[in-house]
Amino acid sequence: MKKVLTGAALLLCLLLAASQDTSTRDAVAAELPLPSAEDISIQAYGEKNKTCQEWTDSCRTCQRSDAGEPTCSNIGIACQPKPIACTRRAEPAK
């Protein structure tokens with residue numbers, strides 16, 4: 001009888017632990033932010049401004065590669081983005 005009660009108690013603990021992990025995981029997933037319009041626009045800014053070679057929001061910097069594709073840095077911790085601005089334009093053809 002003692003083994004049955006010990007086994008039942010162990011099973012109950014395992015079930016509680018498993019249900020707690022699921023609820024915690026779901027709560028964390030619900031709190032993850034969706035990308036904002038500002039996050040999306042930093043990459044798209046170069047597509048809209050073809051003469052801009054380098055642009056920034058004061059947190060991330062993007063620049064156009066030789067092939068014309070934009071590459072961007074990652075955002076730093078606790079950085080507050082500002083409006084996107086072009087910092088270097090293509091030199092006009094002579």
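Which cysteine does C62 form a disulfide with, and how far apart are their sulfur atoms? The legends below concern a predicted model, and the answer is given in the first of them.

**View 1. The disulfide of C62 and C72.** C62 forms a disulfide with C72, and their sulfur atoms are 1.9 Å apart. Because C62 lies in strand β2 and C72 in strand β3, the pair ties together parts that are 10 residues apart in sequence. The torsion about the S-S bond is about 110°, so this disulfide is right-handed. C62 is buried at 0% relative accessibility, whereas C72, at 28%, is partly exposed.

**View 2. The disulfide of C59 and C79.** In this pair the sulfur atoms of C59 and C79 are 1.8 Å apart. With a torsion of about -90° about the S-S bond, the disulfide is left-handed. C59 has a relative accessible area of 14% and is buried, while C79, at 25%, counts as partly exposed.

**View 3. The disulfide of C52 and C86.** The sulfur atoms of C52 and C86 are 2.2 Å apart. C52 belongs to strand β1 and C86 to strand β4, so the bond ties together parts that are 34 residues apart in sequence. C52 is buried, with a relative accessible area of 0%, and C86 is partly exposed, at 22%.

**View 4. Confidence along the chain.** Mean confidence is lowest in helix α1 (residues 2-31), at 61, and highest in strand β1 (residues 52-56), at 94. Where pLDDT is low, the predicted coordinates should not be read in detail.

Methods: Residues are numbered from 1 along each chain as its sequence is written. This is a predicted model: local features need pLDDT of at least 70, side-chain atom pairs count only at pLDDT 80 or more; totals for chains, interfaces and linings use all residues. Side-chain values use heavy atoms; hydrogens and water are left out. pLDDT is the predictor's confidence in each residue, from 0 to 100. Helices (H or I, at least four residues) and strands (E, at least two) are DSSP runs, numbered from the N terminus. A disulfide is a pair of cysteine sulfur atoms within 2.5 Å. Buried means under 20% relative accessible area, exposed over 50%, partly exposed in between (1.4 Å probe, protein chains only).
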